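Student: Hi! I have a model open on my screen and would like to go through it with you. Can we take it bit by bit?
Tutor: Happy to, just ask away.

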Amino acid sequence: MTAIKHALQRDIFTPNDERLLSIVNVCKAGKKKRNCFLCATVTTERPVQVNVVKVKKSDKGDFYKRQTAWALRDLAVVDAKDAVKENPEFDLHFDKVYKWVASSTVEKNTFISCIWKLNQRYLRKKIDFINVSSQLLEESVPSGENQSVAGGDEEAVDEYQELNAREEQDIEIMMEGCEYAISNAEAFAEKLSRELQVLDGANIQSIMASEKQVNILMKLLDEALKEVDQIELKLSSYEEMLQSVKEQMDQISESNHLIHISNTNNVKLLSEIEFLVNHMDLAKGHIKALQEGDLTSSRGIEACTNAADALLQCMNVALRPGHDMLHAVKQQQQRFSDLREQFARRLASHLNSVFVQQGHDQSSTLAQHSVELTLPNHHPFHRDLLRYAKLMEWLKNTDYGKYEGLTKNYMDYLSRLYEREIKDFFEVAKIKMTGTTREGKKFATLPRKESAVKQETESLHGSSGKLTGSTSSLNKLSVQSSGNRRSQSSSLLDMGNMSASDLDVADRTKFDKIFEQVLSELEPLCLAEQDFISKFFKLQQHQSISGTTTNEAEEMDGGTSSRLYSSGVPQTISSEKDMIRQMMTKIFRCTEPELNNLIALGDKIDSFNSLYMLVKMSHHVWTAQNVDPASFLSTTLGNVLVTVKRNFDKCISNQMKQMDEVKISKKSKVGILPFVAEFEEFAALAESIFKNAERRGDLDKAYIKLIRAVFVSVEKVANESQKTPRDVVMMENFHHIFATLSRLKISCLEAEKKEAKQKYTEHLQSYVIYSLGQPLEKLNHFFEGVEARVAQGIREEEVSYQLAFNKQELRKVIKEYPGKEVKKGLDNLYKKVDKHLCEEENLLQVVWHSMQDEFIRQYKHFEGLIARCYPGSGITMEFTIQDILDYCSSIAQSH
């Protein structure tokens, strides 16, 4: 191992300026590979670098090569596997764990011990040694002798050390001076000893020669000390002379300090006086404006506003410590408080008078608006009051109690004013809807009883039935039978020249315009008032807050409004936006009940009006929410929209209920069922109303419910029909439904349209087969027997040999159906079909053509059997396919 160590040092580490300290022969654990060497090395240059190098023998020769090197500072853990038993395995934890098996336990322990010593000497970071015997780590470090530890380490580490270049050069020079050193080492050593003795003697003589110089230096020091003493005496005399000067200068300095303090105090006092004068002095013009300023003119309002702002600045000035203890400051503050109280009282009194005066002027204009469906314009009122907006802000900041009082008075007055205006406005709207005047007279265009109109306009709450004398669209359709109409509902409208359908369209159009005008008048009124409240009372409209429902606001208004103004600081409102909503709720408290009354009236007049209301209300709610989702208008319209949606759902439910309750006559044919025609009317009306509407989804849901109910009811009526065959009822009504859906092109009912077409086709085919039956009955029975024999296994060409089915029997049966008899039978069939089908749907020719095709199919079937079972017999029917076509055509034309 020593020879290998020297060879590695010479070939690998010396060229890299490294010294090899320890070596171990290892192989990787768990793998059968050639052995390699792990070497612990240090660099010869400072700072010393300690490395662990992996060396292996080259595949192409006997020399060794350096394969991998790890810095010792990267070594984290040395795991010897077992501290008690001998085990050649050990692990080194660098960037990953390297598992090794040493050739012997002694080499492993020696290598680990070397690593430990290098770690102790060169590295600040200590490596973890686990499963390593403590004796192995302590044997080279005796306790208490640091210097010996270092020396022992150095000897252990420096087992082999080459001479460096300088050492080699010195030895060569010395050997050149003593040529016999190699041949006579003793003589060379003696010469070196003699030269060393000569040097020692020279050193001793040099020391002795320097004693004289030391004595001379001591003398010089003594003389220097004497000079220092003389200088100190002179300095002492100078200090005594300057002591009197120092006392005089101290007196002068103290006098200057007192003068400086006096000047500083005077400057500070002047600054404080200027501060108080500049910030707490109110101009005489401002005082006069606050006491006597004109609050009716624009110039006077502006002067009062400027004076109020100046007063507020004087009152809110940040006084410095001690100012509030000055008598003059207290007097000035009291004067400001009196001015504020006086002006606040005068301003509040004037604004209350303005509220009353403006309200009186506004009330005088109500009469001209009462006959028209318009609401009075409050813009002049708002414009005049907005001149006081800055003064209201001043009052809010200085005297919140009076600000609250003005707010409450404004709400109390405006709520009464708006209540009169809105109630009169809705009264006019109801009159225009019902067609009555204020005295209860009816218009000639609408057949209503005066008592019913009076009942509608006086009270709308708690009534869910239909208006007296009015008919919903579901009650205006009737069932046709043989050209006559049967009434499904209790009565029909008798309008002279105007039909019920025309009257419905006129009424609904008028209602739609009136309802739209009502919403169009209310919306700007509410938005204008809300904008005015925000500007006049200085409240924020778009502050992010937690929402409050309208019902909560109404409860707060009705039960706790007094608490809103009972203290200097608002306690029951969470933000200024809540306050705006509460004020709007109280001012327009009658809006939502009046809207609900108008909606109830429209629903009583015609349940289909709920469609118009749903579309209009949804659009206005959508518009209001885009402006401000939490505003009073948005919340109120949203609540009313819920009511409208309920009425719409109720309208749909009533139609479905009427489908269940429909009764058909047992003595007349059914025809198109009333609810099928009603669905057509509803769908046509709804499509015209909901075109590009926001609530299209509600209509689609209603369509699905209605069409499914129509399908079920058609099935039910068809099963109960006695006069008209079931297939005819199904065929005609589903054909009507299919035609309606095809015409209206309702996207959500595409599946139902396909289903209606399928049912129509199925029942048409079923009716044709059932009605046509077997027009050539005996001939049909004859061929059924022929087909039965063939089915039993008799060949088709041998059927004519059967006694019952020979050619003679066939000719006999064919003679019973000459052309005249066939035409007569078809004519009777046409009359029978004509009795079953209704005129509205006009399906007679369709059914007749289908029967013609079915008859021709049977004819071709018989001809085919004759050709196959009676070949070469020359037997043919007494009429041809062309004859059948002529018979059917002539019969259709004759009827």
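This is a predicted model: local features need pLDDT of at least 70, side-chain atom pairs count only at pLDDT 80 or more; totals for chains, interfaces and linings use all residues.

Student: Noted. What do Asp 412 and Lys 586 form, and how far apart are the closest N and O atoms?
Tutor: They form a salt bridge, and the closest N and O atoms are 2.7 Å apart. Asp 412 sits in helix α13 (residues 400-434) and Lys 586 in helix α17 (residues 576-587), so this pair ties together parts that are 174 residues apart in sequence.

Student: Nice. How many salt bridges does the count come to?
Tutor: The count comes to 30 salt bridges. Another of them pairs Lys 423 with Glu 419, where the closest N and O atoms are 3.0 Å apart.

Student: How are Lys 423 and Glu 419 placed in helix α13?
Tutor: They are 4 residues apart in α13, which means about one helical turn separates them. As background, an α-helix has 3.6 residues a turn, so residues three or four places apart point the same way. Lys 423 is partly exposed, at 38% relative accessible area, and Glu 419 also counts as partly exposed, at 22%.

Student: Which residues do salt bridges with shared partners join into one network?
Tutor: That network consists of Glu 341, Arg 345, Asp 399 and Lys 402.

Student: And Arg 383, what is its salt-bridge partner?
Tutor: Asp 384 is the partner, with 3.7 Å between the closest N and O atoms. Arg 383 is partly exposed at 47% relative accessible area, and Asp 384 is partly exposed at 24%.

Student: Let's switch to helix packing. At what angle do α18 and α20 cross?
Tutor: Helix α18 (residues 591-605) and helix α20 (residues 632-661) cross at roughly 20°, and their axes come within 10 Å. The two are therefore roughly parallel to each other. The crossing of α18 past α20 is right-handed.

Student: Which residues meet there?
Tutor: From α18, Glu 592, Leu 595, Asn 596, Ile 599 and Asp 603 take part; they meet Thr 636, Leu 637, Asn 639, Val 640, Thr 643, Val 644 and Asn 647 of α20. Sorted by class, this contact has 5 nonpolar, 5 polar and 2 charged residues.

Student: What about α12 and α13, how do their axes cross?
Tutor: Helix α12 (residues 389-398) crosses α13 at roughly 130°, with the axes coming within 6 Å. That angle makes α12 oblique to α13. The contact is built from Met 392, Leu 395, Lys 396 and Thr 398 on the α12 side and Tyr 400, Lys 402, Tyr 403 and Leu 406 on the α13 side. By class it has 5 nonpolar, 1 polar and 2 charged residues.

Student: Now the start of the chain. Which residues of helix α1 are buried?
Tutor: In α1 (residues 2-13), the buried residues are Lys 5, Ala 7, Leu 8, Gln 9, Ile 12 and Phe 13. Their cover includes the strands β1 (18-28), β2 (36-43), β3 (50-57) and β4 (64-71).

Student: Where is the cis peptide bond that has an omega of about -5°?
Tutor: Look between Arg 46 and Pro 47. Pro 47 is in the loop between β2 and β3.

Student: And Asp 17, what is its phi?
Tutor: Asp 17 has a positive phi of about 55°, although it is not a glycine. Asp 17 is in the loop between α1 and β1, and at 38% relative accessibility it counts as partly exposed. Lys 745 also has a positive phi of about 55° without being a glycine. Lys 745 is in the loop between α23 (726-744) and α24 (750-772), and it counts as exposed at 66% relative accessibility.

Student: Last one: is Gln 852 buried or exposed?
Tutor: Gln 852 is buried, with a relative accessible area of 14%. Gln 852 belongs to helix α28 (residues 844-869). Leaving aside residues up to four places away in sequence, Gln 852 touches Leu 885 and Cys 888.

Note on methods:
Residues are numbered from 1 along each chain as its sequence is written. Side-chain values use heavy atoms; hydrogens and water are left out. Axes are lines fitted to C-alpha atoms, for helices over the stretch in contact, and angles run from 0 to 180 degrees between N-to-C directions. Angles under 35 degrees count as roughly parallel, over 145 as roughly antiparallel, 65 to 115 as roughly perpendicular and the rest as oblique. A crossing is left-handed if the near helix is turned anticlockwise from the far one by less than a right angle, and right-handed if clockwise. Contact means heavy atoms within 4.5 Å. Ala, Val, Leu, Ile, Met, Phe, Trp, Tyr, Cys and Pro count as nonpolar, Asp, Glu, Lys and Arg as charged, and the others, Gly among them, as polar. A salt bridge is a side-chain nitrogen of Lys or Arg within 4 Å of a carboxyl oxygen of Asp or Glu. Buried means under 20% relative accessible area, exposed over 50%, partly exposed in between (1.4 Å probe, protein chains only).
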